[in-house]
Structures are given as C-alpha cells and as structure tokens.
Amino acid sequence: MAAAEFDTPVLNEYPVIPRLEKDVMKHSQPFVAKAEFQEKLGFPGELVDDWQQVAIDKMGELKDKYRSLQVFLDSCVKCGACTDKCHYYLGTTDPKNMPVARQDLFRKVYRRYYTLSGKLFPKLVGAEDLTKEVLDDWYSYFHQCSQCRRCSVYCPYGIDTAEISMAAREVMDAVGKGQKYCNEIIGKAQTIGNNLGLPEPALVDTLEGLEEDVEEDTGVKVRFPVDEKGAEVLLITPSADFFAEPHIDGLIGYAKVFHQAGISWTLSSYASEAANFGMFIGSYENMQKLALRIRQAAIDLGVKRIVFGECGHAWRVAYSFLNTLAGPFDFLDANYPVPQHMCEVTYQLIQEGKLNLDPSENDDMVVTYHDSCNVARASRMGDMPGGQFEIPRAIIKAVCNNYVDMPSYAIKEGTYCCGGGGGLLTDDLIELRVKGAQPRMEALKNVVDDYGVTHMAAICAICKSQFSKVFPYYDFRMDQIVSLHQLVSNAIVLEPENVSEGDEEDATDNEDQAEAA
C-alpha cells in the first residue's frame with residue numbers, strides 16, 4: 001500500500017451508495033496559477049479588484065454564447081437520477097460531488113443575477129449572491145469534476161455537468177483564479193508544441209533512440225520520422241508517448257503498424273501534442289490556438305491525412321471540434337475522414353488482412369479493457385454506431401487470445417472515469433484521484449478475482465498515467481495498465497527487409513572470397 005495522508009476507499013463486491021459526509025473534500029484544491037501562466041493565456045494574473053462583477057458579467061456572456069448552458073441551468077428538476085453516478089461522489093462521500101449539487105453551486109448564482117424570481121425572491125428559489133465563500137467552493141468542487149459526462153447518460157433531461165464545470169472554470173480564469181496545472185500546460189503547448197515543453201532536438205533524439213531499440217529488439221529497422229515532407233500520414237499523439245511507459249510502447253505499436261502496412265508517416269515538431277487542455281478550462285480561444293498548430297503542420301508537411309494516437313480527450317476535441325476550430329481541411333485526401341483515430345487505421349488493416357499477427361505473443365496476459373470516458377461518451381469511431389466500443393475490442397481480440405469484459409454497468413457508455421481526467425492529473429489532487437478511482441478499481445477487482453485478469457488496456461494517455469499512479473493504492477501493480485497498441489506491438493510479426501537478387505549475389509561472392517582466403 002502506498003503511503004498517504006488519507007484513507008484509500010474500501011473496494012466492495014458491488015457498487016454501494018455511501019453515507020454522506022458534508023464538506024469532507026472542501027479542502028481539496030489544485031494550486032492556483034501564477035501570473036505568468038495566466039497572462040500568457042489572456043487572463044488576469046491575480047484576482048481582480050472587482051472580481052464579483054467581472055464574474056457575473058462573464059457568466060452572462062457564456063449564457064448568451066452557449067445556448068446549451070442556459071438550458072442546463074434552467075431545466076434541472078432535482079429528480080436525483082444523477083446523484084450516485086459520479087465516481088468522485090462514490091469515492092469521496094462528499095454530497096457536493098453529486099452532479100446536481102455541483103451544478104447548483106453555479107446555478108444558484110445564475111438564478112440570483114439572471115432570473116426574475118432569483119432577483120425578487122432569492123431564498124424561495126435557492127438563489128445566492130456570489131461571495132468569496134462561494135468562489136472558494138467553485139474552486140474546490142469544479143476541480144473535483146473530470147468532465148466525464150457519465151451523469152448526463154442517466155439524466156432524463158441530458159444535463160451535461162461537464163459544460164457547467166467548463167463554464168465555471170472559464171469564469172474563474174476571467175477573474176484571475178485559474179488552475180496552475182492546466183494553464184501552465186496550455187502555455188507550453190502553444191509556444192513549444194507539446195505539453196512537456198520538449199524542444200525539437202530532444203524530440204528527434206528520443207525518436208532516434210527508439211529506432212535503435214526497436215531494431216535491436218526485432219532485427220527490423222522501423223522508422224520514427226519527424227518533419228518528413230510528403231508523408232501520407234501526420235500522426236498527432238500525446239507527448240506522453242515520447243517518454244514514459246506504457247505510453248511509449250503504444251507509439252512503438254503505431255510505428256510497427258505503419259511499417260508493415262507500407263504507409264509513410266511523420267510526426268511534427270511544431271505540433272507534437274494531441275492533448276488540448278483548452279477544453280478542460282472551457283476556453284474556445286485557447287482550444288483553437290492549439291488546433292491551428294495541427295492544421296499548419298499538416299499544410300507545411302503536405303500530408304494526405306491526419307491520424308490521432310491514443311488520447312481520450314484529444315480524440316473528443318478532434319472528432320467533435322477540429323473541423324470547427326481549424327477547418328476546412330479541403331487540402332487533405334477526401335478519401336479519408338478528418339480526423340482518423342489510430343484504432344480505425346489498425347482495425348481496417350486487420351480487416352483487410354494486411355497485418356501479420358500472432359496473438360499467442362500475448363498469452364502471458366488475460367486482458368480487460370477500460371473505455372475512456374471522452375472516447376465512450378463524446379465521440380465515435382468508424383462508420384457504425386458504437387464503433388468507439390467495438391473497434392478497440394475487436395483489435396484486442398485479434399491480438400490476444402484471452403479477453404474478458406468488466407461488468408456491464410462499468411463499461412461502454414456507462415464506463416467509469418479513471419479519476420484523473422478533466423485537468424486533474426496533478427499530484428496536488430492525489431487524494432481526489434485515488435478516491436475517484438474507486439469505482440473503476442472495484443470493477444477491475446471483480447474480473448481479476450473471477451476470471452484471472454492480469455492487465456487492463458486503455459487508449460487514453462491520462463487514463464494510463466492515472467492508473468499507473470493509483471494502482472498501488474489498491475494493491476495492483478503499476479505495470480498492469482497497458483496501451484492497446486502495446487498489445488498490437490507484441491503480436492505483430494515483422495519480417496526482415498527483402499534482400500535484392502544483386503545483393504544476394506554480392507553476399508555470396510564475398511563469402512566465397514572469404515573461404516578462399
């Protein structure tokens with residue numbers, strides 16, 4: 001058990017609705033962004049003097065800009081369907097982590113300033129003034145929402161807590177109280193090209209080292225090209241794929257797939273990041289700046305299509321918003337959708353019989369699959385309904401002989417979040433992350449105990465990083481989380497490059513000469 005200053009939740013045999021513990025997570029807040037990080041993104045460097053009025057005005061601006069926000073704020077009838085659907089409520093027991101209660105932190109201020117009843121009879125309709133105490137609650141509890149949207153699946157009105165959380169964070173940024181983790185990362189991605197702040201020489205050096213490692217391991221020279229003009233595919237992948245396990249094993253899998261299929265591809269040093277944390281803070285402008293880097297890289301390199309690697313929220317931004325943020329992409333090959341997911345590419349190649357796979361290479365594993373929330377509930381894959389569920393599973397079954405799904409309530413559209421999404425993957429929120437992972441850990445333990453599952457695969461960089469961190473708290477090993485394309489990499493059979501007839505003759509002559517000598 002990892003050392004901690006809090007108690008790790010107990011894992012039950014099946015989900016249990018916990019007893020309420022009021023304000024038990026009120027202390028949980030991420031570090032506030034420094035002025036330099038705020039100002040780079042166009043926000044005030046510290047809390048402005050007239051912050052109440054600025055916040056109220058910003059709320060009105062967002063209400064008018066996003067019609068859905070006002071609909072969500074007006075339509076809740078307190079039916080309670082969402083109350084036990086949030087992994088953070090189940091793991092922390094704090095009632096303000098019930099989706100409806102979290103929404104009401106924002107809704108009560110909206111009612112006070114933007115509804116007639118709230119202005120005239122605030123106490124009767126639950127309307128409240130925006131005070132410093134309310135702002136502090138916003139900062140705590142809107143950073144205890146991973147924007148996974150599970151609650152919206154069960155809401156009869158389809159209220160999306162994620163949109164309300166995004167709006168609240170945008171209001172807080174506007175008054176000078178932004179979150180350090182997200183805002184610092186956005187600044188790096190906008191200036192350097194990736195979340196890590198990894199400059200081009202370091203990226204190239206890392207990829208050259210990978211080429212050497214793969215050749216040493218397989219005897220085949222698999223390329224990891226950067227800034228290669230005229231390549232067919234521009235691969236946009238999370239920067240975690242460049243340096244950490246199990247992410248880097250997934251990147252090796254992509255490269256092997258492209259190699260065996262004969263597809264030319266390249267990474268871009270200018271746009272070397274799939275993640276777009278602008279979504280987490282609700283900032284359309286910052287989302288767009290990051291998306292435009294991808295467009296520019298595709299133009300500069302003259303590629304035919306854009307393929308995204310394993311990153312959950314990056315695929316949501318790409319699938320749902322990329323054409324709006326940075327389109328049109330009429331300079332790309334019209335025979336391919338914009339964008340594509342790497343799973344779509346691999347799945348199609350498997351269907352066409354273009355990959356030589358040996359699933360017995362993964363026989364040391366019994367695998368289950370974690371549906372990442374942004375893939376499951378905010379996108380799709382392929383040309384079939386539910387493709388975002390079926391395509392990853394079909395790939396796993398093609399490369400693994402032993403596969404088991406977790407219980408039905410914890411997968412597909414009802415999947416539990418990993419507990420670290422939505423811009424919360426920071427160690428200053430480790431208590432929240434560990435407790436928020438409890439429902440997924442319960443479902444995983446279920447199949448570990450009943451079916452001997454040894455590993456869980458995922459197609460999200462945040463999920464993989466989160467599970468690597470929290471697994472030890474629940475007595476799992478860090479290496480029990482794997483990339484989906486890590487499994488592909490294990491199973492793919494690479495043949496040494498064909499030697500031409502002339503080269504064979506030269507080699508034979510050299511051998512004869514050596515024997516004569």
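Author: Happy to. Helices and strands here are DSSP runs, at least four residues of H or I for a helix and at least two of E for a strand, and they are numbered from the N terminus. Keep in mind, too, that this is a predicted model.

You will find D227 in the loop that runs between α11 (200-218) and β1 (233-236). Is D227 buried, exposed or something in between? D227 counts as partly exposed because its relative accessibility is 29%, and that class lies between the buried limit of under 20% and the exposed limit of over 50%. Setting aside residues up to four places away in sequence, D227 touches E200, T266, L267, S268, S269 and L301. For a sense of distance, take Q340: 113 residues separate D227 from Q340 along the sequence, and their C-alpha atoms are 19 Å apart in space.

Where the domains meet, 24 residues of domain 1 are in contact with 33 residues of domain 2.

The second largest pocket also brings the domains together, since each of domain 1 and domain 2 supplies at least three residues to its lining. Its volume is about 410 Å³. Of the 17 residues lining the second largest pocket, Y66, E163, M166, Y284 and F321 are the closest to its centre. Two or more lining residues come from each of α3 (67-75), α9 (161-174), α13 (284-301) and α14 (312-326). By type, the lining of the second largest pocket holds ten nonpolar, four polar and three charged residues.

Now compare the largest pocket, where the space is about 510 Å³. Its lining has 28 residues, and Y181, A240, F243, L425 and S465 lie nearest its centre. Both α10 (180-191) and α20 (461-470) give at least two residues to the lining of the largest pocket, and α20 gives the most, with six. The lining of the largest pocket splits into 14 nonpolar, seven polar and seven charged residues.

Helix α21 (residues 484-491) is largely enclosed by the rest of the structure, because seven of its eight residues are buried. Those buried residues are L484, H485, Q486, L487, V488, S489 and A491. Among the elements that cover the buried residues of α21 are the helices α12 (247-261), α15 (342-351) and α17 (387-399), together with the strands β5 (367-369), β6 (455-458) and β7 (481-483).

Finally, step back to the whole protein chain. Its secondary structure comes to 22 helices and seven strands, and 57% of its 517 residues are buried. Among contacts between residues at least 6 apart in sequence, 80% join residues at least 24 apart. The C-alpha atoms fill a box of roughly 105 × 50 × 40 Å along the principal axes.

Definitions and conventions. Residues numbered from 1 in each chain as written. Predicted model: local features only at pLDDT ≥ 70, side-chain atom pairs only at ≥ 80, totals over all residues. Heavy atoms only, no water. 1 Å grid on protein atoms, 1.4 Å probe; cavity = no way out; pocket = protein on both sides within 12 Å on 5 of 7 lines; lining within 4 Å. Points joined across faces, edges and corners; volume = space filled by probe spheres on them. Nonpolar A, V, L, I, M, F, W, Y, C, P; charged D, E, K, R; others polar. Domains from an automatic or database assignment. Buried < 20%, exposed > 50% of the residue type's maximum accessible area, 1.4 Å probe, protein only. Contact = heavy atoms within 4.5 Å.
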